[in-house]
Amino acid sequence: MPALAALSHREFRLLFIALPFVATGSGMRGAVNAFQVYQLTGDARLLGLTFLIQGLPSLVMGLFGGTLADVMDRCRLLRFAVGAQIAIALALAWLTGTGRIEVWHIYAATFLGAGLQSLANPAQQALVPATVPADELMNAMALLSAG
């Protein structure tokens, strides 16, 4: 089997292209939120609280994300989660641009964004077997891991 066999399937190709953008956006969101909290407050404790708030939804929502991915349309769940994260980022950008941003806005956005990501992750993983034949699943997972 060729090393890039899974990429011959359109749906997998789209997923393969989209996931690095989603991961990059999530990482950038976390870094920017932390930077902005520190810039607004200068307090390292509040910066640490940002990371705590970012991790809490994973503990709670992670339990339900897999169940939702099983009972809902995975593509719809993924589109909703990514779209809502974009809306949250745009709201923060607007608040920052207008000078109305406050630390609680960032905390709320961080909590909501991390919760949405906890719902999206299982849907992303569950989509892979639906995009390639069973005999190419290992190839698809290897490509996603490498990507």
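Let me start with a term: a residue is buried when its relative accessible area is under 20%, exposed when over 50%, and partly exposed in between, using a 1.4 Å probe and protein chains only. With that in hand, buried residues are 36% of the 147 residues in this protein.

Two notes on the source, please. What you see is a predicted model, where local features need pLDDT of at least 70, side-chain atom pairs count only at pLDDT 80 or more, and totals for chains, interfaces and linings use all residues. Residues are numbered from 1 along each chain as its sequence is written, and side-chain values use heavy atoms, leaving out hydrogens and water.

Now the fold. There are five helices and zero strands, where a helix is a DSSP run of H or I with at least four residues, a strand is a run of E with at least two, and numbering goes from the N terminus. The C-alpha trace spans about 55 × 30 × 25 Å along its principal axes.

On to the surface. Which residues form a nonpolar patch? They are L49, L52, L56, L59, V60, L63, F64, F111 and L112.

F64 counts as partly exposed because its relative accessibility is 48%.

Conventions:
Patches are made of residues with over 30% relative accessible area and no salt bridge: like charges are joined within 9 Å, nonpolar side chains (Val, Leu, Ile, Met, Phe, Trp, Tyr) within 5 Å. Accessible areas come from the Shrake-Rupley method with a 1.4 Å probe; for residues, only the protein chains shown count as cover. A salt bridge is a side-chain nitrogen of Lys or Arg within 4 Å of a carboxyl oxygen of Asp or Glu.
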